[in-house]
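Hi,

Here is the structure I promised to send over. Have a look first, and then read on for what I found in it.

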Amino acid sequence: MAVGVLALQGSFNEHIAALRRLGVKGVEIRKPEQLQSVTSLIIPGGESTTMAKLAEYHNLFPALREFVTMGKPVWGTCAGLIFLANKATGQKTGGQELIGGLDCTVHRNFFGSQIQSFEAEISVPEIAATEGGLPTFRAIFIRAPAILEVGPEVEVLADISLASDKKVNSDLTSESQEDNSGSLKKVIVAVKQGNMLATAFHPELTADTRWHSYFVKMASEAGIGASNSASTSGEHLEQQKKDLPVFQQ
Ligand SMILES: NC(=O)CC[C@H](N)C(=O)O
């Protein structure tokens with residue numbers, strides 16, 4: 001079994017390493033025709049504007065849109081989430097092309113710049129339960145986006161409360177998360193819509209493979225690509241110790 005990983009820029013090596021720890025092969029995707037060799041795809045974090053320029057250069061957008069539309073499982077992490085969103089705010093002048101399909105509005109740099117990156121404990125019982133471990137996840141947010149609005153088809157998997165002193169970008173356009181006093185209370189950071197999974201944080205930068213297991217299971221259940229079940233036992237644990245990921249920009 002193999003899972004495609006869009007390998008234009010960002011943390012694709014870390015996703016491939018996480019898949020390897022589960023005994024699943026990650027295939028680097030850089031050209032439209034390579035998408036035909038896989039039946040599920042991870043779009044990594046990185047820098048969405050750069051990634052969009054590279055995707056345009058390689059004429060990948062039509063094939064990526066077709067992949068999503070055909071109902072093949074796709075997981076976007078961070079910049080990958082931005083790529084999948086129907087609408088993004090806080091973009092650079094001139095905007096950027098998106099794949100779209102995920103009925104939501106994201107703010108590209110909701111939490112601010114690189115130095116405002118942070119870690120948080122998030123609760124996603126449905127996914128945490130998959131390997132009988134802790135009920136929460138350590139989530140790494142790096143210049144992270146947040147989901148401001150979702151359509152009716154979108155299942156919210158996780159949100160985080162904003163501390164009253166937490167700085168967020170001043171150019172927010174959505175009022176949906178505001179209370180009467182105008183202060184933001186919480187934002188969505190993980191969603192699922194049919195074949196699409198999206199997280200504003202980076203599970204590939206932790207040793208915790210539960211999100212990858214969950215996605216591999218989605219791929220298996222779609223019946224189009226996964227034949228092995230994900231496992232963290234035995235030889236994979238040895239591999240897991242060896243290649244703890246390092247974020248790549
Ligand atoms: N870690 C990330 O993927 C950051 C994404 C970044 N906010 C962007 O616009 O692309």
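The protein has seven helices and 12 strands, taken as DSSP runs numbered from the N terminus (helices are H or I with at least four residues, strands E with at least two). This is a predicted model, in which local features need pLDDT of at least 70 and side-chain atom pairs count only at pLDDT 80 or more, while totals for chains, interfaces and linings use all residues. Numbering runs from 1 along each chain as its sequence is written.

Of the 249 residues, 45% are buried, meaning that 20 or more other C-beta atoms, placed from the backbone, lie within 10 Å of a residue's own. The largest nonpolar core has 71 residues, and L84, A146, I147, V189 and A200 touch the most other members. Such a core is a set of buried Ala, Val, Leu, Ile, Met, Phe, Trp, Tyr and Cys residues joined through C-beta atoms within 7 Å.

After α2 comes N59, with a positive phi near 55 degrees.

Happy browsing!

Key: A residue is buried if 20 or more other C-beta atoms lie within 10 Å of its own, exposed if 12 or fewer, and partly exposed in between; C-beta atoms are placed from the backbone.
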